[in-house]
Amino acid sequence: MKQSSCFFSLGFFGKPFLLVLFLNCSCIGNKVVTSPTAFQGECLQGLNFESGEDSFLADSLKIGMKLQENFDDKFIDMAIALNVVDDLENYLIEDLERIEKLELKTRIFGKIMKMDIELHSLMSAIDCEEEKAEQIASFLEKELRKKERNLTVAAIITGAIVGVGTGFILAADNSRNDWPEYIGIAGGLTEVFLGLSILRLDKRVAIRHSKNILRDVYESEDRPAYFPPSTWYYFNSKNNNNQEVSLKDQLLERWEAYNMNDEGVAILFSDGGEYSPELLKSRSEMLDQLESQISLISKDLLYFLNKIEAIN
């Protein structure tokens, strides 16, 4: 009778153990998922600018004494980026007729507006990719929290089964036997297994980005087709600040100091791969820094505009 009661207990409490193990296996699942939507998609769509690099060199060779005497290096460098050196030289002619001066000013303002629109179009594309990286990272973290919650519940159930099962056997069978110890060992091992499963929880997403903004900025010396020529020139120029360090070099220095020490960072500069939530956050941070650095050009555009307005 005692032996049958023990076998009954094992059969009764063995089923929950199997259920717990089943829950654990279902929680581990596939660690790599495919992104449900295209990562780039519409972000860079429509951004395609023709080459205009030769004009910057030509304009830099046209800088005359009038511009050098009246304006600083930042202003002159922006004039080169806007391709308005000739217009500015003519605009500074003292005996220029009013109508001609108005035409030149209108043409210069038109180029300022064009560069500003191109600049914000690029920033919008970068922000689009940044937001997508954040969204997918948030999705993966939610999935991980769900699995962690399920495993924690399984561990709690295991502890309850061990406690209740041991008490039930001891209450049903007054003679000493080894079943409580067996159940305790099995329950302990199950809880350890569940705990280790929580610690090694991992979830990654496969993402493709053949047009890699981070790679193009970090590695390429040539302008990517989606980067406006004027913005690319000014972003790489070392002549628009007292430190003689380009906006691009300032950005890369921060990337190397704060963002390029993580494991798997090579994926950030590839055509894509398996991203963890941490890597997606690193990508989002780097895109955010790039957007902020490019937005500084707007400040220099305003400086240039105010200088033009001040010319009598």
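Predicted model: local features only at pLDDT ≥ 70, side-chain atom pairs only at ≥ 80, totals over all residues.
Tyr226, Phe227, Trp232 and Phe235 come together as one aromatic cluster.

Across the whole structure, a search turns up seven aromatic pairs. In one of them, the ring centres of tyrosine 226 and phenylalanine 227 are 6.3 Å apart and the planes meet at 40°, so this pair is tilted. Phenylalanine 227 also pairs with phenylalanine 235: here the centres are 6.1 Å apart and the planes are at 25°, so the pair is stacked. The cut-off for stacked is under 30 degrees. Are these residues buried or exposed? Tyrosine 226 has 4% relative accessibility and therefore counts as buried. Phenylalanine 227 and phenylalanine 235 are both buried as well, with phenylalanine 227 at a relative accessible area of 1%.

Next, the salt bridges. The search of the whole structure finds eight. Aspartate 87 bridges to arginine 107, with the closest N and O atoms 3.2 Å apart. Aspartate 87 belongs to helix H5 and arginine 107 to helix H6, and the two are 20 residues apart. Aspartate 87 is buried because its relative accessibility is 9%, while arginine 107, at 44%, counts as partly exposed.

Which helices hold the partners of the next two bridges? Glutamate 309 and lysine 105 meet at 3.5 Å, N to O; glutamate 309 is in helix H11, lysine 105 is in helix H6, and 204 residues separate them. Arginine 283 and glutamate 129 form another salt bridge, at 3.7 Å. Arginine 283 is in H11 and glutamate 129 in H6, so this bridge ties together parts 154 residues apart in sequence. Both arginine 283 and glutamate 129 are buried. Through shared partners, salt bridges also join Lys74, Lys299 and Asp300 into one network.

Now helix H4, residues 73-82. Why call it largely enclosed by the rest of the structure? Because eight of its 10 residues are buried, among them Phe75, Asp77 and Leu82. After H4 comes asparagine 83, with a positive phi near 60°.

Last, a loop. Asparagine 241 is in the loop between helix H9 and helix H10. Its side chain reaches the backbone nitrogen of glutamine 243 at 3.1 Å and the backbone oxygen of valine 245 at 2.7 Å.

Methods. Residues numbered from 1 in each chain as written. Heavy atoms only, no water. Buried < 20%, exposed > 50% of the residue type's maximum accessible area, 1.4 Å probe, protein only. Helix = DSSP H or I, 4+ residues; strand = E, 2+ residues; numbered from the N terminus. Phe/Tyr/Trp six-rings, centres within 6.5 Å; stacked < 30°, edge-to-face > 60°. Polar contact = N/O pair within 3.5 Å; in protein donor to acceptor, adjacent residues only side chain to side chain. Salt bridge = Lys/Arg side-chain N within 4 Å of Asp/Glu carboxyl O.
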